[in-house]
Amino acid sequence: MEILNLSLSATNRFASNYLEQSSEIMPFFHYRFNDFAEDRKRLDELSNRDFPREKVAGHIEKFMERFPTSEAVKNSLAKLKQLNSVVVIGGQQAGILTGPLYSIHKIISIIKLAEEKERQLGVPVIPIFWIAGEDHDFHEVNHVFMPVEHQVDKWAYPEKVKQKVMVSDITLNKDVCREWVINLIENFGETNHTKKLINFAEETLRNSSTFVDFFANIVMELFKDYGLLIVDSGDRNFRLLQTEQFSRQIEQHNEITNYLLEQQTTIRKQGFPITIDSHDKAANLFYYNPKSNERILLEFDSEKNIFVGKSGVVSFTKEELIEIAYQDPAKLSNNVVTRPLMQEWLFPTLAFIAGPGEISYWAELKLVFEHFKIKMPPIVPRLNITLVERAVESDIHELNLELSKILSRGTVEERDLYLESIKDKEVSELFSNLKSLLEKQYELIEMKTNQLDRSLLPLVKKNEAYILKQVGFMETKLEDSVKSKFNVTLSKFNRIDLSLRPDGFPQERVWNIFYYLNQYGTSFIKELMELEFVFDGKHKVIKL
């Protein structure tokens with residue numbers, strides 16, 4: 001394996017500006033990312049704040065008992081209790097089989113940055129992955145995409161979940177899941193690693209009860225040797241640690257919303273789109289309704305001075321909601337606005353690893369953090385990685401294509417130029433002339449029909465369309481015949497796009513790590529982790 005660094009634009013304009021640390025963007029943040037002087041300032045700030053280290057470490061230790069572990073994990077738990085330790089943290093939803101590649105890239109980013117900062121700063125730095133198990137959008141986590149017959153095919157886990165249940169509470173039917181997973185792996189094509197990968201999947205599934213369990217078991221088996229710690233925000237025991245923080249959010253819900261909206265106004269004036277969907281009634285808190293088993297977003301009704309949810313199906317006074325925060329905090333969970341706050345109150349965060357969308361929404365939270373007299377951590381863009389297999393690399397060289405352009409927009413332009421170059425100009429001209437002649441003749445027929453019997457005009461139009469359709473059909477058949485002579489070259493264009501820009505999207509947003517584990521074995525992760533990554537905002541192309 002080798003790494004090639006490329007300068008590519010991020011998937012949104014705001015993130016691209018952030019990578020450049022542009023002057024119009026940086027006022028929305030408290031720190032510049034990956035700046036040693038800024039890291040020192042952050043350490044100083046964290047040293048003046050109190051964190052529930054023992055409680056959080058105790059919870060994580062107990063939570064992780066059921067997942068694969070190692071000495072490195074035990075060392076990380078011990079470090080977390082030390083008063084001078086800090087964390088590098090990031091999170092993602094619990095996608096089945098870990099979801100799109102960017103979840104794996106984020107975990108690699110967290111671990112690698114933690115290792116780097118521990119060497120640079122001389123303090124314990126622990127990598128922590130926050131599983132967003134409280135999320136209730138099942139349809140975002142229940143599928144993977146497969147390359148089937150040179151196309152992208154969506155394979156959804158067959159069990160249905162109709163209610164807005166937290167992913168942490170969704171149980172797996174192990175027989176259904178096992179059959180689905182084995183079928184999926186076998187459809188990647190049999191390799192020397194397929195049997196071992198199926199055994200790996202079956203073993204992790206046997207030890208899992210829920211979607212989050214399955215996700216966590218896979219992640220920890222792959223990354224346990226790197227001291228990674230995990231936490232599930234949907235775990236009721238984790239929310240038992242958050243009573244005081246929930247209470248603060250409820251007490252100051254109005255200030256949180258107002259400062260968010262104020263910051264969004266400033267960002268909008270700079271010409272950037274807003275990421276967080278909010279309004280002046282937002283309470284930025286979910287309530288878990290045990291009667292319906294649904295997670296309900298709360299709003300604040302200022303006229304009645306109560307918190308309400310879902311057309312009034314639940315309602316609480318501020319005092320009642322605060323009592324829930326202290327007596328039964330498992331019924332409460334954060335939204336995109338308050339989750340970063342909760343994270344910052346619980347963990348001494350040296351850096352937060354963010355995807356392009358997350359960079360945008362953190363910028364909208366600056367005034368909210370300042371209201372609570374704390375600063376946002378340095379927001380470090382996660383590693384953007386593209387995996388290039390040897391056969392695909394060969395295709396790129398043979399077609400004399402530019403890799404950076406492929407990663408940005410695929411091969412559509414180059415493919416169209418190639419198709420134009422192999423097109424039989426005489427055939428094109430013949431059909432163009434024929435269609436032009438037919439259209440002119442039908443104009444004359446329409447004029448005559450209009451004089452003789454206007455009622456036949458629709459039939460003339462229909463007949464014209466039918467004839468032109470048949471001509472077009474014959475033209476396409478002849479073009480296909482020409483293309484078939486150049487099928488080897490055209491298939492290379494298709495193979496490149498399918499691997500690197502499937503359906504026009506970045507590879508990391510579509511493909512799943514299990515494809516690569518099937519091709520290269522479970523040691524594939526170890527080989528990735530042995531590479532040297534630099535957090536310089538550049539795109540990492542890894543040649544396999």
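Entry 1: How many residues does helix H21 have, and what does it reach from its first C-alpha to its last? I noted first that this is a predicted model. Helix H21 covers residues 487-500, which makes 14 residues. From first C-alpha to last I get 20 Å, close to the 20 Å expected at 1.5 Å a residue.

Next I asked which residues of H21 are buried. My list reads Leu490, Lys492, Phe493, Ile496, Asp497, Leu498, Ser499 and Leu500. Lys492 and Asp497 are on that list, and I marked both for another look.

**Entry 2: glutamine 507.** I moved on to the loop between H21 and helix H22 (513-520), where glutamine 507 is found. Is this residue buried or exposed? Glutamine 507 counts as buried because its relative accessible area is 1%, against a cut-off of under 20%.

What is glutamine 507 in contact with, leaving aside its neighbours within four places in sequence? I found Ser499, Leu500, Pro502 and Tyr516, and also Leu101, Ile385, Thr386 and Leu387. Ser499 and Leu500 had already turned up among the buried residues of H21.

**Entry 3: the second largest pocket.** H21 has the largest share, with five residues. By class I count eight nonpolar, five polar and three charged.

**Entry 4: the largest pocket.** How much space lies in the largest pocket? The value is about 1400 Å³. Its lining has 49 residues, with Gln92, Gln93, Asp135, Glu140 and Val336 the closest to the centre. The elements giving two or more residues are strands E2 (86-92), E4 (143-148), E7 (282-289) and E8 (294-301), along with helices H5 (101-121) and H14 (356-363). The lining divides into 20 nonpolar, 17 polar and twelve charged residues.

**Entry 5: glutamate 402.** My last stop was the loop between helix H16 (390-398) and helix H17 (403-409), the place of glutamate 402. This residue is partly exposed, with a relative accessible area of 44%. Its side chain and that of serine 404 are joined by a polar contact of 3.1 Å. I also checked glutamate 414, twelve residues apart from glutamate 402 along the chain: their C-alpha atoms are separated by 10.0 Å.

Definitions and conventions
Residues numbered from 1 in each chain as written. Predicted model: local features only at pLDDT ≥ 70, side-chain atom pairs only at ≥ 80, totals over all residues. Heavy atoms only, no water. Helix = DSSP H or I, 4+ residues; strand = E, 2+ residues; numbered from the N terminus. Expected span 1.5 Å × (residues − 1). Buried < 20%, exposed > 50% of the residue type's maximum accessible area, 1.4 Å probe, protein only. Contact = heavy atoms within 4.5 Å. Polar contact = N/O pair within 3.5 Å; in protein donor to acceptor, adjacent residues only side chain to side chain. 1 Å grid on protein atoms, 1.4 Å probe; cavity = no way out; pocket = protein on both sides within 12 Å on 5 of 7 lines; lining within 4 Å. Points joined across faces, edges and corners; volume = space filled by probe spheres on them. Nonpolar A, V, L, I, M, F, W, Y, C, P; charged D, E, K, R; others polar.
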